[in-house]
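This report concerns helix packing and charged side-chain pairs. The structure is shown first.

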Amino acid sequence: MTFTNNACYGNDNELLALLKGYSALIPPLHLKFPAQCSFTEVHTFLLHQVLLGPHLEQYPPSRRYQQSFWKWAIEHLESMDKDEEDSEIDIRIYDRYLSLMSAPIDPSGPPPDSYMTYYWKPPSSLGSANQNCHETITLLESRTTIENGTTGLRTWCASFVLASYLIANAEIIHNHTILELGCGSGFLGIIVATIQQKFNERHQSHRQPLPAVLLTDVNAGVLSRCRGNVQLSCNHSASHSNITFSTLDWFDALSMPLSENTVTAFLSKASVGVVIGADIVFDPILVPPLVATLRLALSFKSTRMVVVALTVRNEQTLAHFLTEAVKELCMEEVTHSFTSATYFDVDTTGVDAGLDVKIFKFTPRNSAL
(Lines give C-alpha, C1' and ligand atoms only; values in the text may rest on other atoms or scores of the structure.)
Protein backbone atom coordinates (compact mmCIF):
# COMPACT_ATOMS: atom_id res chain seq x y z
CA MET A 1 0.00 0.00 0.00
CA THR A 2 1.18 3.53 -0.75
CA PHE A 3 0.48 6.10 1.97
CA THR A 4 0.73 9.87 1.50
CA ASN A 5 0.78 11.90 4.68
CA ASN A 6 -1.32 15.03 4.40
CA ALA A 7 0.76 18.17 4.85
CA CYS A 8 -2.26 20.05 6.20
CA TYR A 9 -1.63 18.44 9.58
CA GLY A 10 1.07 21.02 10.21
CA ASN A 11 3.49 19.16 12.51
CA ASP A 12 2.84 16.08 10.43
CA ASN A 13 6.22 14.43 11.15
CA GLU A 14 5.26 13.98 14.80
CA LEU A 15 1.82 12.75 13.83
CA LEU A 16 3.17 10.37 11.21
CA ALA A 17 5.68 9.02 13.76
CA LEU A 18 2.75 8.30 16.08
CA LEU A 19 0.91 6.45 13.30
CA LYS A 20 4.03 4.44 12.47
CA GLY A 21 4.55 3.54 16.11
CA TYR A 22 0.96 2.41 16.60
CA SER A 23 1.01 0.37 13.38
CA ALA A 24 4.26 -1.39 14.39
CA LEU A 25 3.10 -2.02 17.99
CA ILE A 26 5.82 0.07 19.59
CA PRO A 27 5.01 0.15 23.33
CA PRO A 28 3.38 3.47 24.30
CA LEU A 29 6.14 3.96 26.86
CA HIS A 30 8.52 4.42 23.91
CA LEU A 31 6.21 6.61 21.80
CA LYS A 32 6.50 10.38 21.72
CA PHE A 33 3.20 12.17 22.05
CA PRO A 34 3.09 15.10 19.56
CA ALA A 35 3.11 17.84 22.18
CA GLN A 36 3.95 20.55 19.63
CA CYS A 37 0.65 19.99 17.87
CA SER A 38 -2.62 21.52 18.97
CA PHE A 39 -5.37 19.46 20.59
CA THR A 40 -7.44 19.68 17.40
CA GLU A 41 -4.56 18.48 15.21
CA VAL A 42 -3.76 15.50 17.43
CA HIS A 43 -7.37 14.60 18.12
CA THR A 44 -8.36 14.76 14.45
CA PHE A 45 -5.38 12.65 13.44
CA LEU A 46 -5.96 10.00 16.11
CA LEU A 47 -9.64 9.78 15.24
CA HIS A 48 -9.47 9.66 11.45
CA GLN A 49 -6.04 8.18 10.70
CA VAL A 50 -5.59 5.79 13.61
CA LEU A 51 -8.98 4.82 15.00
CA LEU A 52 -11.02 5.05 11.78
CA GLY A 53 -8.25 4.61 9.20
CA PRO A 54 -9.49 1.98 6.69
CA HIS A 55 -6.18 0.10 6.62
CA LEU A 56 -5.91 -0.19 10.40
CA GLU A 57 -9.56 -1.18 10.67
CA GLN A 58 -8.90 -4.09 8.31
CA TYR A 59 -5.45 -4.98 9.69
CA PRO A 60 -5.55 -3.85 13.34
CA PRO A 61 -2.93 -4.29 16.04
CA SER A 62 -3.82 -6.86 18.70
CA ARG A 63 -6.51 -5.94 21.18
CA ARG A 64 -3.98 -6.09 24.00
CA TYR A 65 -1.82 -3.47 22.28
CA GLN A 66 -4.80 -1.30 21.38
CA GLN A 67 -5.90 -1.30 25.00
CA SER A 68 -2.55 0.02 26.23
CA PHE A 69 -2.29 2.53 23.37
CA TRP A 70 -5.71 4.11 23.80
CA LYS A 71 -5.29 4.33 27.57
CA TRP A 72 -2.05 6.24 26.94
CA ALA A 73 -3.53 8.42 24.18
CA ILE A 74 -6.64 9.36 26.17
CA GLU A 75 -4.55 10.34 29.19
CA HIS A 76 -2.48 12.67 27.02
CA LEU A 77 -5.50 14.11 25.22
CA GLU A 78 -7.27 14.82 28.51
CA SER A 79 -4.20 16.68 29.82
CA MET A 80 -3.83 18.90 26.75
CA ASP A 81 -4.92 22.53 26.59
CA LYS A 82 -8.06 22.69 24.49
CA ASP A 83 -8.24 25.00 21.48
CA GLU A 84 -11.82 25.96 22.23
CA GLU A 85 -13.99 25.72 25.31
CA ASP A 86 -16.21 23.07 23.76
CA SER A 87 -13.32 20.92 22.51
CA GLU A 88 -13.92 17.37 23.69
CA ILE A 89 -12.61 13.93 22.98
CA ASP A 90 -14.84 12.22 20.46
CA ILE A 91 -17.08 9.59 22.05
CA ARG A 92 -15.87 7.03 19.51
CA ILE A 93 -12.40 7.09 21.06
CA TYR A 94 -13.86 6.42 24.52
CA ASP A 95 -16.12 3.72 23.07
CA ARG A 96 -13.17 1.91 21.52
CA TYR A 97 -11.25 1.94 24.79
CA LEU A 98 -14.27 0.77 26.81
CA SER A 99 -14.94 -2.06 24.36
CA LEU A 100 -11.32 -3.17 24.72
CA MET A 101 -11.59 -3.02 28.51
CA SER A 102 -14.78 -5.07 28.55
CA ALA A 103 -13.26 -7.99 26.64
CA PRO A 104 -11.20 -10.46 28.71
CA ILE A 105 -7.49 -9.94 27.99
CA ASP A 106 -4.98 -11.88 30.07
CA PRO A 107 -2.00 -9.54 30.55
CA SER A 108 0.06 -12.38 32.05
CA GLY A 109 -0.36 -14.72 29.09
CA PRO A 110 1.76 -14.77 25.92
CA PRO A 111 1.05 -11.87 23.56
CA PRO A 112 -1.34 -12.84 20.76
CA ASP A 113 -0.51 -12.78 17.07
CA SER A 114 -1.03 -9.36 15.57
CA TYR A 115 -1.02 -7.49 12.31
CA MET A 116 2.05 -5.26 12.02
CA THR A 117 2.34 -2.47 9.46
CA TYR A 118 5.72 -0.94 8.67
CA TYR A 119 6.14 2.32 6.72
CA TRP A 120 9.18 3.07 4.58
CA LYS A 121 10.10 5.79 2.11
CA PRO A 122 11.58 4.56 -1.20
CA PRO A 123 14.76 6.29 -2.40
CA SER A 124 14.57 8.47 -5.48
CA SER A 125 15.69 5.59 -7.68
CA LEU A 126 12.48 3.77 -6.81
CA GLY A 127 10.05 6.28 -5.36
CA SER A 128 7.73 8.90 -6.74
CA ALA A 129 8.45 12.61 -6.90
CA ASN A 130 6.17 13.09 -3.90
CA GLN A 131 8.45 13.28 -0.86
CA ASN A 132 5.47 12.63 1.43
CA CYS A 133 4.93 9.21 -0.13
CA HIS A 134 5.53 6.10 1.98
CA GLU A 135 5.17 2.42 1.19
CA THR A 136 3.75 0.01 3.72
CA ILE A 137 4.28 -3.65 4.48
CA THR A 138 1.66 -5.48 6.51
CA LEU A 139 2.23 -8.85 8.17
CA LEU A 140 0.39 -11.13 10.55
CA GLU A 141 3.13 -12.01 13.02
CA SER A 142 3.79 -13.88 16.22
CA ARG A 143 4.66 -11.66 19.17
CA THR A 144 6.58 -14.41 20.96
CA THR A 145 10.19 -15.47 20.39
CA ILE A 146 9.27 -19.08 19.65
CA GLU A 147 5.85 -20.34 18.58
CA ASN A 148 4.98 -23.90 17.58
CA GLY A 149 8.66 -24.83 17.78
CA THR A 150 9.88 -22.20 15.30
CA THR A 151 11.33 -18.69 15.39
CA GLY A 152 10.12 -18.01 11.86
CA LEU A 153 6.73 -16.45 12.61
CA ARG A 154 8.06 -12.99 13.44
CA THR A 155 10.42 -10.50 11.79
CA TRP A 156 13.84 -10.19 13.44
CA CYS A 157 16.26 -7.27 13.55
CA ALA A 158 18.56 -8.69 10.85
CA SER A 159 15.68 -8.68 8.35
CA PHE A 160 15.17 -4.94 8.82
CA VAL A 161 18.90 -4.33 8.38
CA LEU A 162 19.11 -6.45 5.23
CA ALA A 163 15.94 -4.82 3.87
CA SER A 164 17.53 -1.39 4.41
CA TYR A 165 20.66 -2.51 2.57
CA LEU A 166 18.61 -3.85 -0.36
CA ILE A 167 16.47 -0.71 -0.55
CA ALA A 168 19.62 1.43 -0.71
CA ASN A 169 21.25 -0.95 -3.22
CA ALA A 170 18.27 -1.97 -5.31
CA GLU A 171 20.43 -2.68 -8.35
CA ILE A 172 21.54 -5.90 -6.65
CA ILE A 173 18.09 -7.45 -6.91
CA HIS A 174 15.81 -5.46 -9.20
CA ASN A 175 16.26 -7.62 -12.32
CA HIS A 176 17.48 -10.93 -10.89
CA THR A 177 15.73 -14.07 -9.70
CA ILE A 178 15.99 -13.93 -5.92
CA LEU A 179 16.12 -16.97 -3.64
CA GLU A 180 15.51 -16.36 0.05
CA LEU A 181 16.67 -18.99 2.51
CA GLY A 182 14.53 -19.06 5.65
CA CYS A 183 11.79 -16.72 4.45
CA GLY A 184 10.01 -16.54 7.81
CA SER A 185 6.83 -14.47 7.87
CA GLY A 186 7.57 -12.94 4.47
CA PHE A 187 8.96 -9.49 5.28
CA LEU A 188 12.04 -9.66 3.02
CA GLY A 189 10.10 -11.36 0.26
CA ILE A 190 7.63 -8.48 0.21
CA ILE A 191 10.48 -5.95 0.15
CA VAL A 192 12.16 -7.70 -2.78
CA ALA A 193 8.90 -8.02 -4.72
CA THR A 194 8.08 -4.35 -4.11
CA ILE A 195 11.52 -3.19 -5.26
CA GLN A 196 11.23 -5.24 -8.44
CA GLN A 197 7.74 -3.88 -9.16
CA LYS A 198 8.62 -0.25 -8.46
CA PHE A 199 11.75 -0.45 -10.61
CA ASN A 200 9.69 -1.93 -13.42
CA GLU A 201 7.07 0.82 -13.08
CA ARG A 202 9.73 3.54 -13.05
CA HIS A 203 11.29 2.24 -16.25
CA GLN A 204 8.09 1.82 -18.26
CA SER A 205 9.82 2.43 -21.59
CA HIS A 206 11.60 -0.91 -21.34
CA ARG A 207 9.48 -2.99 -18.99
CA GLN A 208 10.46 -6.61 -18.68
CA PRO A 209 8.63 -9.58 -17.15
CA LEU A 210 9.15 -9.53 -13.40
CA PRO A 211 12.00 -11.77 -12.18
CA ALA A 212 11.09 -14.63 -9.89
CA VAL A 213 11.10 -14.38 -6.10
CA LEU A 214 11.64 -17.84 -4.59
CA LEU A 215 10.71 -17.96 -0.91
CA THR A 216 11.83 -21.07 0.95
CA ASP A 217 11.69 -22.48 4.45
CA VAL A 218 11.82 -25.91 6.06
CA ASN A 219 8.73 -25.36 8.23
CA ALA A 220 5.32 -25.83 6.58
CA GLY A 221 3.58 -23.56 9.07
CA VAL A 222 6.07 -20.77 8.40
CA LEU A 223 5.61 -21.14 4.64
CA SER A 224 1.84 -20.96 5.05
CA ARG A 225 2.12 -17.76 7.10
CA CYS A 226 4.57 -16.33 4.58
CA ARG A 227 2.22 -17.06 1.69
CA GLY A 228 -0.69 -15.46 3.52
CA ASN A 229 1.28 -12.29 4.24
CA VAL A 230 2.76 -11.95 0.76
CA GLN A 231 -0.72 -12.29 -0.72
CA LEU A 232 -2.43 -9.73 1.55
CA SER A 233 -4.18 -7.37 -0.85
CA CYS A 234 -2.64 -4.31 0.85
CA ASN A 235 0.91 -5.43 -0.05
CA HIS A 236 2.44 -4.73 -3.46
CA SER A 237 3.64 -8.32 -3.51
CA ALA A 238 0.03 -9.51 -3.92
CA SER A 239 0.17 -8.34 -7.55
CA HIS A 240 3.66 -9.72 -8.26
CA SER A 241 3.12 -12.45 -10.82
CA ASN A 242 6.22 -14.52 -10.18
CA ILE A 243 6.52 -15.50 -6.51
CA THR A 244 6.77 -19.12 -5.39
CA PHE A 245 6.81 -20.78 -1.96
CA SER A 246 8.80 -23.97 -1.52
CA THR A 247 10.02 -26.30 1.20
CA LEU A 248 13.82 -26.42 1.22
CA ASP A 249 15.77 -28.43 3.77
CA TRP A 250 19.45 -27.42 3.87
CA PHE A 251 20.39 -30.83 5.28
CA ASP A 252 19.47 -32.32 1.91
CA ALA A 253 22.46 -30.43 0.45
CA LEU A 254 24.70 -32.87 2.34
CA SER A 255 23.21 -35.90 0.57
CA MET A 256 25.42 -37.71 -1.90
CA PRO A 257 25.76 -37.84 -4.78
CA LEU A 258 25.27 -34.07 -5.12
CA SER A 259 23.84 -34.45 -8.62
CA GLU A 260 20.87 -36.33 -7.18
CA ASN A 261 20.00 -34.46 -3.97
CA THR A 262 16.84 -32.36 -3.72
CA VAL A 263 18.63 -29.04 -3.20
CA THR A 264 20.58 -29.53 -6.45
CA ALA A 265 17.36 -30.47 -8.22
CA PHE A 266 15.63 -27.33 -6.91
CA LEU A 267 18.51 -25.04 -7.88
CA SER A 268 18.93 -26.56 -11.33
CA LYS A 269 15.40 -25.44 -12.23
CA ALA A 270 15.50 -22.06 -10.51
CA SER A 271 18.17 -20.03 -12.41
CA VAL A 272 18.83 -18.06 -9.25
CA GLY A 273 20.65 -14.75 -9.64
CA VAL A 274 21.08 -13.71 -5.99
CA VAL A 275 20.56 -15.63 -2.75
CA ILE A 276 19.57 -13.70 0.38
CA GLY A 277 19.00 -14.66 3.99
CA ALA A 278 18.60 -12.93 7.34
CA ASP A 279 19.36 -14.34 10.77
CA ILE A 280 20.00 -17.82 9.38
CA VAL A 281 23.07 -18.60 11.51
CA PHE A 282 21.86 -19.14 15.05
CA ASP A 283 22.65 -22.82 15.78
CA PRO A 284 26.02 -24.52 15.16
CA ILE A 285 24.26 -27.65 13.93
CA LEU A 286 22.92 -25.70 10.94
CA VAL A 287 26.34 -24.49 9.77
CA PRO A 288 27.39 -27.54 7.67
CA PRO A 289 24.07 -27.84 5.78
CA LEU A 290 23.84 -24.07 5.25
CA VAL A 291 27.38 -23.85 3.88
CA ALA A 292 26.66 -26.84 1.63
CA THR A 293 23.52 -25.10 0.35
CA LEU A 294 25.41 -21.87 -0.38
CA ARG A 295 28.17 -23.80 -2.12
CA LEU A 296 25.65 -25.60 -4.32
CA ALA A 297 23.82 -22.37 -5.16
CA LEU A 298 27.03 -20.61 -6.17
CA SER A 299 28.11 -23.57 -8.30
CA PHE A 300 25.50 -22.54 -10.86
CA LYS A 301 26.66 -19.93 -13.38
CA SER A 302 23.47 -17.91 -13.01
CA THR A 303 24.08 -17.23 -9.32
CA ARG A 304 26.10 -14.03 -8.88
CA MET A 305 26.25 -13.77 -5.11
CA VAL A 306 24.83 -14.56 -1.70
CA VAL A 307 24.01 -11.69 0.67
CA VAL A 308 23.19 -12.45 4.29
CA ALA A 309 22.59 -10.33 7.39
CA LEU A 310 23.46 -12.04 10.66
CA THR A 311 22.75 -10.91 14.19
CA VAL A 312 25.79 -11.54 16.39
CA ARG A 313 24.29 -13.41 19.33
CA ASN A 314 27.15 -15.87 19.74
CA GLU A 315 30.61 -14.93 18.45
CA GLN A 316 31.72 -18.58 18.33
CA THR A 317 28.77 -19.66 16.17
CA LEU A 318 29.37 -16.82 13.73
CA ALA A 319 33.11 -17.55 13.61
CA HIS A 320 32.39 -21.23 12.96
CA PHE A 321 30.11 -20.36 10.04
CA LEU A 322 32.61 -17.95 8.48
CA THR A 323 35.50 -20.39 8.91
CA GLU A 324 33.59 -23.13 7.12
CA ALA A 325 32.24 -20.82 4.41
CA VAL A 326 35.60 -19.35 3.38
CA LYS A 327 37.03 -22.81 2.83
CA GLU A 328 35.14 -22.92 -0.45
CA LEU A 329 33.73 -19.43 -1.09
CA CYS A 330 34.99 -15.87 -1.34
CA MET A 331 33.67 -13.77 1.52
CA GLU A 332 33.43 -10.01 1.97
CA GLU A 333 32.05 -8.26 5.03
CA VAL A 334 29.97 -5.30 3.89
CA THR A 335 30.70 -2.19 5.92
CA HIS A 336 27.39 -0.52 6.68
CA SER A 337 25.66 1.86 9.05
CA PHE A 338 22.18 0.41 8.67
CA THR A 339 20.09 -0.35 11.73
CA SER A 340 16.60 -1.76 12.10
CA ALA A 341 15.40 1.85 12.30
CA THR A 342 17.12 3.16 9.14
CA TYR A 343 13.98 2.86 7.02
CA PHE A 344 11.51 1.40 9.50
CA ASP A 345 10.00 2.52 12.80
CA VAL A 346 10.30 -0.54 15.03
CA ASP A 347 10.65 -1.28 18.72
CA THR A 348 14.41 -1.02 19.23
CA THR A 349 14.14 -1.94 22.91
CA GLY A 350 12.84 -5.48 22.44
CA VAL A 351 14.42 -8.77 21.38
CA ASP A 352 17.97 -8.37 19.97
CA ALA A 353 18.19 -4.80 21.30
CA GLY A 354 21.79 -3.56 21.16
CA LEU A 355 23.14 -6.57 19.24
CA ASP A 356 25.34 -6.01 16.20
CA VAL A 357 24.11 -7.09 12.76
CA LYS A 358 26.77 -7.91 10.17
CA ILE A 359 26.24 -8.18 6.42
CA PHE A 360 28.33 -10.63 4.39
CA LYS A 361 28.58 -11.18 0.67
CA PHE A 362 29.70 -14.55 -0.71
CA THR A 363 30.76 -15.29 -4.29
CA PRO A 364 32.34 -18.29 -6.06
CA ARG A 365 36.11 -18.51 -5.76
CA ASN A 366 36.48 -18.02 -9.52
CA SER A 367 34.21 -14.95 -9.54
CA ALA A 368 35.52 -11.46 -10.16
CA LEU A 369 32.60 -9.89 -8.24
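This is a predicted model: local features need pLDDT of at least 70, side-chain atom pairs count only at pLDDT 80 or more; totals for chains, interfaces and linings use all residues.

**Helix contact**

Helix α10 (residues 287–298) packs with helix α11 (residues 315–325) at an angle of about 35 degrees, and their axes are 10 Å apart. The crossing in which α10 passes α11 is right-handed. On the α10 side, Val-287, Leu-290, Val-291 and Leu-294 take part, and they meet His-320, Phe-321, Glu-324 and Ala-325 of α11. By class, the residues of this contact are six nonpolar, one polar and one charged.

**Salt bridges**

The whole structure holds 12 salt bridges, among them the pairs tabulated here.

| Pair | N to O distance |
|---|---|
| Glu-75 and Lys-71 | 2.9 Å |
| Arg-92 and Asp-90 | 2.9 Å |
| Asp-352 and Arg-313 | 2.8 Å |

Glu-75 and Lys-71 both belong to helix α4 (residues 63–79), where they are four residues apart, about one turn of the helix. Glu-75 is partly exposed, at a relative accessible area of 43%, and Lys-71 is partly exposed as well, at 41%.

In the second pair, Arg-92 is partly exposed at 40% relative accessibility, whereas Asp-90 is buried at 18%, a value under the 20% cut-off.

Asp-352 lies in the loop between β9 (329–334) and β10 (357–364), and Arg-313 in the loop between β8 (305–311) and α11, so the pair ties together parts 39 residues apart in sequence. Asp-352 is buried, with a relative accessible area of 11%, while Arg-313 is partly exposed, with 39%. A network of salt bridges links Asp-279, Arg-313 and Asp-352.

Conventions
Residues are numbered from 1 along each chain as its sequence is written. Side-chain values use heavy atoms; hydrogens and water are left out. Axes are lines fitted to C-alpha atoms, for helices over the stretch in contact, and angles run from 0 to 180 degrees between N-to-C directions. Helices (H or I, at least four residues) and strands (E, at least two) are DSSP runs, numbered from the N terminus. A crossing is left-handed if the near helix is turned anticlockwise from the far one by less than a right angle, and right-handed if clockwise. Contact means heavy atoms within 4.5 Å. Ala, Val, Leu, Ile, Met, Phe, Trp, Tyr, Cys and Pro count as nonpolar, Asp, Glu, Lys and Arg as charged, and the others, Gly among them, as polar. A salt bridge is a side-chain nitrogen of Lys or Arg within 4 Å of a carboxyl oxygen of Asp or Glu. Buried means under 20% relative accessible area, exposed over 50%, partly exposed in between (1.4 Å probe, protein chains only).
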